[in-house]
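Hello,

Here is the structure I promised to pass on. My notes follow below it.

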Amino acid sequence: MINSVRNTVLSVLNKNNYGYISPSDFNLFAKQAQLDIFEDYFYQYNYQINKENARQSGTGYADITKGYSEVIDSFSVTAYLAHIAATNRFTVPTELTTGSDYYLINKVLFVDGTSLKEMEQVSHSKITMLLNSLYTAPSTTFPAFTIEESTLTAYPDTINKDEDVKCQYIRYPEDPKWTYLSLTGGEPAFDSTASDYQDFELPLDDEPDLIMKILQYAGMSIREIAAVQFAQGAENKDDADQK
Amino acid sequence: MAYITQYKYYENDGASPKDENWGSYQYVSLADVVNNFMLMYAGNHSLVNNEERFKVLFHAKRGIQELNYDAFKEIKILQLNVDGNLRFVLPSDYVNWVRVSVYENGVLRPLTENIQTNWSSAYLQDNNNDILFDHAGNALEPGNSNLDLDRIRGSKRSIYLNQNSSFNGLEGYCCDGNWYFDYSIGARFGLNTETANINPTFVINKQAGVINFSSGMSNRSCVLEYVSDGMEGGEDTKINLNKMFEDYIYAYIEYAILNSKLGVQEYVVGRARKRKQALLRNAKIRLSNIHPGRLLMNMRGQNKWIK
């Protein structure tokens, strides 16, 4: 998809000889555009839930929420959290420990032998009172955790071994990278076989949105207000159509 | 998910204790209650949304406690010998008593709660009846008050017609070896049936956590029937409730959360409250086990002649 997006962006930009963006600029804009749309999925999902609660949403092919959740689930990762030795603390998902940074931790599980117990995230304003509560103090039946910087602290503190805690989270999409071969005359030719090649991870129907977002960034970059306005107008219309 | 096998139920898979799962099918565990509630009654399209699980856990436990106090009829029973100080220390999970009995000669004899006190605290006093204090300004207390001492020594008199009755040993009429009028000299008519009991009596000192008995109970076997709150010493895995009340506990949690949540319409709270109460009534009726067989047994007594 990335080559198609780039070709379309360049086509629009070059229509009136507005300008040209380099592969490295394109990659930067593509990353921003993808993150923008990725984050928008969560807001759209919430918007659709509210519409469902207002009985303004349908089922079957009209189930918009399902589509959003499918896209979000495609970024879901489940992995054991790295244990910090001799403590009840674990490292939150990172590129180094679980292979990807997290955008949102959806659930944390305590691996209690063969059964999994869902751990509840508790705010720092509540955890002290919770620990002192006779009724609701975290137990291995109802475990809890807090997060501070890049560390997750598990309660009760008997949750303190390797592979005691598993996490299901939504990772960030990989940075897109349009890779190329340099032809004679300096013209880059798309090369999808490069080791650092990375396509967009969003679904195909996001291609128009990606193009419009990248066009906005590119228009700003080459100081061409017409390109920005065109892209913004198209994006606004698209958003309005989806409501 | 399959329930436990018959072998696991009867023999606990050969592990100890063997009776671990006997009767377990009557109950649903606290973990299941919380899990089911979060799954079925909380979420994006439910009345309860964005509530922490620990709140659900709190209300579930509170609901189970309330049920244990009266609706469950889950009576716990403890038998202990009363010590020389005529005390019976209340069980660690005691909340309220149902019946106190003395057990001897193979018979349980229910005891009467003394309508008067038989214990008190006291302060040390000098000859002028001024209270004595220690260097920290606290009043000095004796080991036992006079009331306690008299009771332990057996010299305290009782308004009950037992061995400590104030009339005991006074003039009366002996006929065929039995004393029929165990009263002071002078006419006395009628009988206070409330105190007409020959057995020892007791008073519960809740603050001290003991049952204080009258002197006749020393070294005798006492059976305490009591109710607990079902919290099983704080062991979450052991807390459960009868399945008859399962729907009620969900309704109770839902009501408790809605009732304390900002912005919930009054009619929604009202509906939740009515549902909760109706389910409690249903569950109580079910648990009372009223059925024709039992009624028949009771009604068989209607033709009995009372002489």
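**Notes on chain B**

In β11(B), C222(B) is the bridge partner of L80(B). Bear in mind that this is a predicted model.

That pairing belongs to a longer stretch. Strand β2 of chain B covers residues 76–81. Six bridges join β2 to β11(B), and the two run antiparallel.

β11(B) also pairs with strand β4, residues 96–104 of chain B. The sense is again antiparallel, over seven bridges. Here V100(B) has L224(B) as its bridge partner in β11(B).

How many of the seven residues of strand β11 of chain B are buried? Seven of the seven, across residues 221–227, so the strand is largely enclosed by the rest of the structure. Both faces are covered. On one side sit S221(B), V223(B), E225(B) and V227(B). On the other are C222(B), L224(B) and Y226(B).

Now the chain as a whole. Chain B has seven helices and twelve strands. Its radius of gyration is 27 Å, well over the 19 Å that the globule rule gives for 307 residues, so chain B is more spread out than a compact globule. The C-alpha atoms fill a box of roughly 80 × 70 × 50 Å along the principal axes.

Of the 307 residues, 34% count as buried. Chain B exposes about 19700 Å², with 50% of that supplied by carbon and sulfur atoms.

Charges: 33 positive and 33 negative side chains in chain B, with the centres of the two sets 9 Å apart.

Best wishes

Key. Residues numbered from 1 in each chain as written. Chains lettered and ligands numbered in written order. Heavy atoms only, no water. Helix = DSSP H or I, 4+ residues; strand = E, 2+ residues; numbered from the N terminus. Rg over C-alpha atoms; globule rule 2.2 N^0.38 Å. Buried < 20%, exposed > 50% of the residue type's maximum accessible area, 1.4 Å probe, protein only. Areas by Shrake-Rupley, 256 points an atom, 1.4 Å probe, with all protein chains shown as cover. Lys, Arg positive; Asp, Glu negative; His and termini not counted. Charge placed at Lys NZ, Arg CZ, Asp CG, Glu CD. Pairing = 2+ DSSP bridges.
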